[in-house]
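This briefing is for a reader who is meeting the structure for the first time. Please look over the sequence and the model below, then read the points that follow.

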Amino acid sequence: MEEILDQLQEAIENGETQKAMNKTKDALNMGLRTDKIIKTAINPAFRDLGQKMFDGEIYVTDVLMASRAAHAAMYVMEPIISRSTGQTKGIVTIGTVAGDLHDIGKNLVIMMLQGSGYTVIDLGIDVPVEDFVEAIRTHKPDVLALSSLLTTTLPELDATLEALVEAGLRSQVKVIVGGAPVTREYAARIKADAYANDLFEASEAVGDLVKNRIGVYAV
Ligand code: B1M
C-alpha cells in the first residue's frame, strides 16, 4: 500500500503527469482514501521539491511540471472528494494580488482546501483590489484568501483590506494572507484575521475562520 504512494510521490516530483494519474487510480482501486493520498504522497512531494529548490538542486520548470502532475492526480480524485464531502464546508475566494504572477503555491493551497471540502473560487493571478471587492459582493464567501510572493506586491494585501473597509464589506468576510514574504507580524499590522505559512496551515486556518474560532493562526 505504502509503495504505491511512494511511486505517486516520485511521479509528481518528476513531473510525470500520466504516471501520476495512473498511480492515483491504482491507489484508489487499492482502497486508499483521498485524504491519505494527499497527505502521504502529494504534500510530501512539494516539501521535498521546496527543499531541493532551496538547495539549488532543481529549477523553476521542475516545480511547474510537478505542479501539473499534482493537479492531474487531484483531477482523478476530484469526483470522489466532492461526493464524499457532500456538502461544502464553506466558500473561499482566493487570488494572487495585483502585479504578482506567482501561482504555484496558491494552487497548492486551493488543492488542499478543495481536498478538505471547501468550495474555492479562484480569481487567478495579478488580481486588482477592485476585483477582490467585487468578488466579495458577488460570491459572499466565508473567507478571502490573499497570496503574495513578492515583497513589492505586499502593499496590495494592505490595499485590499482597506478597500474592503471602505466598501463596508470588512465585517462580512474573514481574511487570511500568505505567501513567502508575508509574516505573522505583517498580517497583524494590516489587520488580517489569519496568517498561514503553508498549505497545511492554510487549510487549518480556514477551518478556524469558517467556524469563527480564534485558532493558533489568528493574528
Ligand atoms: Co519568481 N520570485 N519572480 N517566478 N519565483 C521568487 C518568489 C523569488 C523569491 C526568487 C528569488 O529572487 N530568490 C523572488 C522574489 C523576491 C522578493 O520579492 N522577495 C522572485 C522574483 C524577483 C521574480 C521576478 C521579479 C523575476 C524577474 O522577472 N526579474 C518575476 C516577477 C513576475 C511577477 O510576478 N510579476 C518572477 C517570475 C517568476 C516565474 C513566472 C518565472 C515563476 C512563477 C511561475 C508560477 O507561479 N506560475 C517564478 C517562480 C517559480 C519563483 C520561485 C523560484 C518559486 C516560487 C514557488 O512556486 N515556490 C521563487 C523562489 C523560491 O521560492 N525559491 C521565486 C513553490 C511553492 C510551493 O511555494 O509559492 O512559497 P510558495 O507557496 C507556499 C507558501 O508560500 C504558502 O503555501 C504555499 C504552499 O506551501 N502560500 C500561502 C502561498 N500563498 C498562500 C496563501 C495563503 C496561505 C499560504 O493564504 C491565503
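Predicted model: local features only at pLDDT ≥ 70, side-chain atom pairs only at ≥ 80, totals over all residues.

L113 is buried, with a relative accessible area of 0%, and its place is in helix α5, which covers residues 104-115.

**L113 and its surroundings**

- Setting aside residues up to four places away in sequence, L113 touches V92, Y118, V120, A202, S203 and V206.
- L113 and G90 are 23 residues apart along the chain, and 9.8 Å separates their C-alpha atoms.
- L113 counts as buried because its relative accessible area of 0% falls under the 20% cut-off.

**T160 in helix α7**

- T160 belongs to helix α7, made up of residues 154-166.
- Is T160 buried or exposed? T160 is buried, as its relative accessible area is 1%.
- The T160 side chain comes to 2.6 Å from the backbone oxygen of E156.
- Apart from neighbours within four places in sequence, T160 has contacts with V129, F132, L144 and L146.

- Most residues other than glycine have a negative phi.
- D126 is not a glycine, yet its phi is positive, at about 50°.
- D126 sits in the loop that runs between β2 (119-122) and α6 (129-139).
- The relative accessible area of D126 is 38%, so this residue is partly exposed.
- K191 is also not a glycine, and its phi is positive at about 65°.
- Where is K191 found? K191 is in the loop between α8 (184-189) and β5 (194-196).
- K191 counts as exposed because its relative accessibility is 64%, which is over the 50% cut-off.

**The two domains**

- The domain assignment of the protein chain gives domain 1 as residues 2-83 and domain 2 as residues 91-210.
- Taken over C-alpha atoms, the centres of domain 1 and domain 2 are separated by 25 Å.
- Domain 1 brings 12 residues to the contact, and domain 2 brings 9 residues.

**The interface between the domains**

- How much area do domain 1 and domain 2 bury between them? The buried area is about 930 Å², with 80% of it on carbon and sulfur atoms.
- N43, H71 and M74 together supply 38% of the area that domain 1 buries against domain 2, which is more than any other three residues supply.
- On the side of domain 1 that touches domain 2, α3 (34-54) and α4 (60-85) each supply at least two residues.
- α4 gives the most to this side of domain 1, with 7 residues.
- Sorted by class, the side of domain 1 that touches domain 2 holds 8 nonpolar, 3 polar and 1 charged residues.

Notes:
Residues numbered from 1 in each chain as written. Heavy atoms only, no water. Domains from an automatic or database assignment. Contact = heavy atoms within 4.5 Å. Buried area = accessible area lost by both parts, 1.4 Å probe. Helix = DSSP H or I, 4+ residues; strand = E, 2+ residues; numbered from the N terminus. Nonpolar A, V, L, I, M, F, W, Y, C, P; charged D, E, K, R; others polar. Buried < 20%, exposed > 50% of the residue type's maximum accessible area, 1.4 Å probe, protein only. Polar contact = N/O pair within 3.5 Å; in protein donor to acceptor, adjacent residues only side chain to side chain.
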